[in-house]
Amino acid sequence: MADTATAAPPRAGLSQSGPRRASPRARTLLPALALAGGVLLFAVFLSLSVGQQHVPLGTVWQALVSPGHAYDDTVVQSRIPRTLLGLLCGAALSVSGVVVQGLTRNPLGDPGLLGVNVGASATLVTGIAFFSAGTGQERVWLALPGAFAATAAVFALGSGRRGATPVRLVLAGAVITAVVGAYIQAVSLSYPQVFDDYRFWVVGSLAGRDASLVGQVLPYLVLGFALSAILPSSLNALALGDDTATALGAKVGRTRLIGGVAAALLCAGSTAAVGPISFVGLAVPHIVRSFTGADHRWLMPFSALVGPALLLLADVLGRVIAAPAEIEVGVITAFLGAPVLLLAVRRMRGRS
Amino acid sequence: MFTPTALSKTARRIAAVAVAAGLVIGLAACSTPTSAGSSASSSSSTSGTDKGAFPVTIKSALGSATITKAPKRVVTIGWGSTDTAISLGVVPVGIEKQTFGNDSTGDYPWDTAAIKKMGGAIPATFNVYPDIDVSAIAALNPDLILAPQSGITAAQYKTLSALAPTVAYPGQPWQTKWDTQMRLIGKALGKTTLVNKQIADLKTTLANYSTKNPEFKGLTFAYVYSAQPGSLSIYQQGDPRVEVIKALGLTETPSIAALPASKDTFTSDIGLEKANLLDKTDILFTWFNDEANEKQIEAQPLFAQIPAVKRGSYVPNVDQKLAMASTFITPLSVPYALPRYVKMIKKAASNVG
């Protein structure tokens, strides 16, 4: 009977990790993980329920389990693709954020740091400008190669004799972003019709996406998630510095390679599907780290739950605040992300 | 990195206005600019000019234009002015370059055909997006600028007025009725008698279509914009697209007509999730950029379930030229558009259950 107190769900806050490491932390974080899952489930239902046409939650449930032919069923079904994309891309962006922040040991890192966004944008504007491609289906295939090429370029440029180091990676990312960014500006500003298409894409939105997009990007995302899943322990080792990590038996180079590929797959797949959505990859790992600490074994699964919940809630907010018009989710995440970024910077200053 | 928020919000707003105005930008198939028709040939005709028509002063919402003698070098901006000027015997020296529904000359095919028939020179074209190409207009040395159905701003009006007397809209931008527009142009060109006759003729033509198709009378319609996935906007009365259909005898679906128009537009933006507002509409009109766009939109379950779409009492216009021509009521556009347009409406009407 002595254990009842500890077995009960945590009431106020989450306990600090004590000297014994695994068990007390697991005892508090496992319920928290379930809670995060609950919040995500709630966000999914909200995403299916709220919009120009409000559908009560009970009706949403009915539309999912036993659809009749009521108009509300069609409304709910039309929201399924954007909800699925929100789930997948939210998880992809935040998990790749965890990976990139771990790889570069840069807490301000986000997947855009590896050049994924500019790479995707560059091939996209090229396709629209010179090959008059532009429909939803074509965009995925336009955005993916650019995203991968830019990431490869960042890694090539960031690798010295001893492989890619965090500082070199960040610098290479900045260089590629600047160069490719200039190209995108030049093309999109010289061709007004490209600019018109591009500016809608670059904001990032879950709205009006075709359900087939999910299937198109799913293989990339699944592979990205699978690769990320094997990384947490290696990323923990990497956090101690390259030398210590190597001394502990971690394969630093291999971790960077797998991590780079995983982050590129996740971020490129997401960007190709819904456009570059800012701040999710940056902010979610920070939010999660504030209660899990730096252990990637917790950071990763929590981010995979909190990221999509945040993205879906932001999307729902965008549908509500300017109704009947919608504000793109990319705009909302930027608004929500900015304070988190400020907070993160302040916390870092506090530590150093 | 890009900071998309502020920039694209403004840009979006611009686009929203442009779309509302039906000016579809972003589709510009850059046609080669026509070599400015030889400036030597004055392209105006004096037949039909009223005696004592000049000088004349025309007031608009942005200022007054005084025209002292019969204009010879006319420039047109916006919708329908080119048509009206040509049908009054005055071929403009320069026109706004059209980017939707245009032919290779950057103008509408019914205008080009009429000019060729008259033996006039094909007008030079100038861009108005993202801003009016004032230097191109100045190079044309105009003596009258017609923009009664357009969206020119007060600042643009001032600039243009410095080049030549400029006729803008009498009320709100893009909200000039077709007959008002024709009267303004007739007055500016000194051909009031002729233009009044043309207006009467057009009204007769439209009434004839209506009497010849009595089945149109009891039918309700809605004209929507849905070419962007997830969007649904309804064109309201005052928009020429709607006026053309009303002139043929159809009635706007009352519940749709009662929706408030969004600020400064003649459209009501409702969003595709409210597509059930169209349930009681007999015939649904819309336009698409092209067939790929049509397929993409029609694949949306919310669009596909609209009763009019389901039963085929639906007029989806994918022919850009016809879409534009059925957006004007002018002596040139009506004979181009209506024979085909009415056929499409008859077919849709036969599917109304």
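In the predicted model, domain 1 of chain B and domain 2 of chain B together bury about 1800 Å², and 77% of this area lies on carbon and sulfur atoms. Three residues, B:Trp79, B:Phe100 and B:Trp110, account for 39% of the area that domain 1 of chain B buries against domain 2 of chain B, a contribution greater than that of any other three residues. The contact involves 21 residues of domain 1 of chain B and 20 residues of domain 2 of chain B. Zero salt bridges are found across this interface by the rule applied. The domain assignment places domain 1 of chain B at residues 56-201 and domain 2 of chain B at residues 213-350. The centres of the two domains, taken over C-alpha atoms, are separated by 28 Å.

Helix packing was examined next in chain B. Helix α7 (residues 192-212) of chain B packs with helix α14 (residues 333-350) of chain B at an angle of about 5 degrees, and their axes are 12 Å apart. Because angles under 35 degrees count as roughly parallel, α7(B) is described as roughly parallel to α14(B). On the side of α7(B), the contact is formed by B:Leu202, B:Thr205, B:Leu206 and B:Tyr209, and on the side of α14(B) by B:Val334, B:Leu338, B:Pro339 and B:Val342. Seven of the residues in the contact of α7(B) with α14(B) are nonpolar and one is polar, with no charged residue.

In chain A, helix α7 (residues 166-190) and helix α8 (residues 192-203) cross at roughly 115 degrees, and their axes come within 5 Å. From α7(A), the residues A:Ile184, A:Ser188, A:Leu189 and A:Ser190 meet A:Pro192, A:Val194, A:Phe195 and A:Tyr198 of α8(A). The contact of α7(A) with α8(A) comprises six nonpolar and two polar residues, and no charged residue takes part.

Two backbone features in loops complete the description. In chain B, the peptide bond that joins B:Phe54 and B:Pro55 is cis, with omega at about 0 degrees. B:Pro55 is located in the loop between α1 (4-20) and β1 (56-60) of chain B. In chain A, the residue A:Phe279, which is not a glycine, has a positive phi, near 75 degrees. The loop that holds A:Phe279 runs between α12 (252-274) and α13 (280-292) of chain A.

Note on methods
Residues are numbered from 1 along each chain as its sequence is written. Chains are lettered from A and ligands numbered from 1 in the order in which they are written. This is a predicted model: local features need pLDDT of at least 70, side-chain atom pairs count only at pLDDT 80 or more; totals for chains, interfaces and linings use all residues. Side-chain values use heavy atoms; hydrogens and water are left out. Axes are lines fitted to C-alpha atoms, for helices over the stretch in contact, and angles run from 0 to 180 degrees between N-to-C directions. Helices (H or I, at least four residues) and strands (E, at least two) are DSSP runs, numbered from the N terminus. Angles under 35 degrees count as roughly parallel, over 145 as roughly antiparallel, 65 to 115 as roughly perpendicular and the rest as oblique. Contact means heavy atoms within 4.5 Å. Ala, Val, Leu, Ile, Met, Phe, Trp, Tyr, Cys and Pro count as nonpolar, Asp, Glu, Lys and Arg as charged, and the others, Gly among them, as polar. Domain bounds come from an automatic or database domain assignment. Buried area is the accessible area (1.4 Å probe) that two parts lose on being put together, summed over both. A salt bridge is a side-chain nitrogen of Lys or Arg within 4 Å of a carboxyl oxygen of Asp or Glu.
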